Amino acid sequence: MTMPILLNGARGRMGQAIAAVAEEEGCRIVAECDIGSNPVEHLPNCGVVVDFSSHESTPDLAEECAAQGKPLVIGTTGHTPEETERIKACAEKIPMVWAGNYSIGVNLLIHLTRQAAKLLPESYHPEIVEMHHRHKKDAPSGTAENLLEAVLEGRQWEPEAALRSRSGLTGERPDQEVGVHALRGGSVVGEHTVVFAGPSERIEFSHSAGDRSIFARGALTAAKWVAGKKPGIYRMGEVLGLTDGTED
Ligand SMILES: NC(=O)C1=CN([C@@H]2O[C@H](COP(=O)(O)OP(=O)(O)OC[C@H]3O[C@@H](n4cnc5c(N)ncnc54)[C@H](OP(=O)(O)O)[C@@H]3O)[C@@H](O)[C@H]2O)C=CC1
Ligand SMILES: O=C(O)C1=N[C@H](C(=O)O)C[C@H](O)C1
């Protein structure tokens, strides 16, 4: 049986990429919502909601999903702290997969980044660089935020160790710091590099997205996986079997 999906942000770049692969992924789009639609009236007809609209529309949608008991796959990025708290509150009632990036490669990159941060000495300094197309509205990217979280977890550092871009008289770099840097231009689909710069050597892990089908297929894989799960927030690494959610 195919999974009936309510797709929010259907007219956008990701919405179109998802619609293009839905059938191949064993899903069917039963409602295409975008600006001006009312997703609430379509919710009863779907099994899972997939949201690739905009950060500000996700909290309202999550609250409607919680009210009607519909699982949610969140693709939007750039949420404010207030939006993040509202979304998290809904996870007490429904299962949701929430990932800054649904590709297999990036989720492996996140896993390897956490491991490298854990295993390498603090003198191997982590820096994250991302590049995206000129239309992207948030920075740093959701993926870069996920990579940052992986470094913080691996190093067991507090969030204060994160530095989102440098400018001016910054002083010398301390060991306990992780920089995040955003580049924008052209039609770049999505590129992420994590650098560990050590005393006399440098390690780099990189991922480059060829097109949006990798995010689209991953989001639909997550949609099929999350149906029937207990309420809570799940990472894409759990969907792919890279982690059991407790982190290693
Ligand atoms: N997690 C992942 O793997 C990925 C996440 N993303 C994220 O997904 C989101 C969408 O990206 P992308 O498709 O490139 O963006 P687009 O701007 O191309 O598409 C977003 C669509 O959602 C619409 N929209 C905006 N606000 C609302 C609203 N309140 N309700 C319903 N629809 C709305 C937009 O309309 P309009 O154009 O009129 O504003 C547009 O049609 C971004 O947050 C992006 O960062 C992107 C790629 C992968
Ligand atoms: O907006 C995009 O395009 C992308 N957004 C996601 C992010 O913020 O990391 C994922 C991907 O890199 C493309």
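Guide: Helices (H or I, at least four residues) and strands (E, at least two) are DSSP runs, numbered from the N terminus. In this structure, Pro140 sits in the loop between strand S6 (125–132) and helix H5 (142–155). Residues are numbered from 1 along each chain as its sequence is written, while chains are lettered from A and ligands numbered from 1 in the order of writing. The model is predicted: local features need pLDDT of at least 70, side-chain atom pairs count only at pLDDT 80 or more, and totals for chains, interfaces and linings use all residues.

Visitor: What average pLDDT does the chain have?

Guide: pLDDT is the predictor's confidence in each residue, from 0 to 100. Where it is low, the predicted coordinates should not be read in detail. Here the chain averages 97, and 99% of the residues score at least 70. For the complex, the predictor gives an ipTM of 0.99 and a pTM of 0.97.

Visitor: Which peptide bond is cis?

Guide: Most peptide bonds are trans, and most residues other than glycine have a negative phi. The bond from Ala139 to Pro140 is cis, with omega near -10°. Gln156, not a glycine, has a positive phi of about 55°; its place is the loop between H5 and strand S7 (162–164). Ser165 likewise has a positive phi, near 75°, and lies in the loop between S7 and strand S8 (178–184).

Visitor: Is Gln156 buried or exposed?

Guide: A residue is buried if 20 or more other C-beta atoms, placed from the backbone, lie within 10 Å of its own, exposed if 12 or fewer, and partly exposed in between. Gln156 counts as exposed because it has 8 C-beta neighbours inside 10 Å. Ser165 is exposed too, with 10 other C-beta atoms within 10 Å.

Visitor: How many residues of H6 are buried?

Guide: Eleven of the 14 residues of H6 are buried, so this helix is largely enclosed by the rest of the structure. Among them are Phe215, Leu220 and Trp225. Just after H6, Gly228 takes a positive phi of about 90°.

Visitor: Which residues are closest to ligand 1?

Guide: A residue is near a molecule if its C-beta atom, placed from the backbone, lies within 6 Å of it. By that rule 26 residues surround ligand 1, the closest being Gly9, Gly12, Met14, Ser53 and Ser57. Helix H1 (residues 13–21) gives the most to this shell, with three residues.
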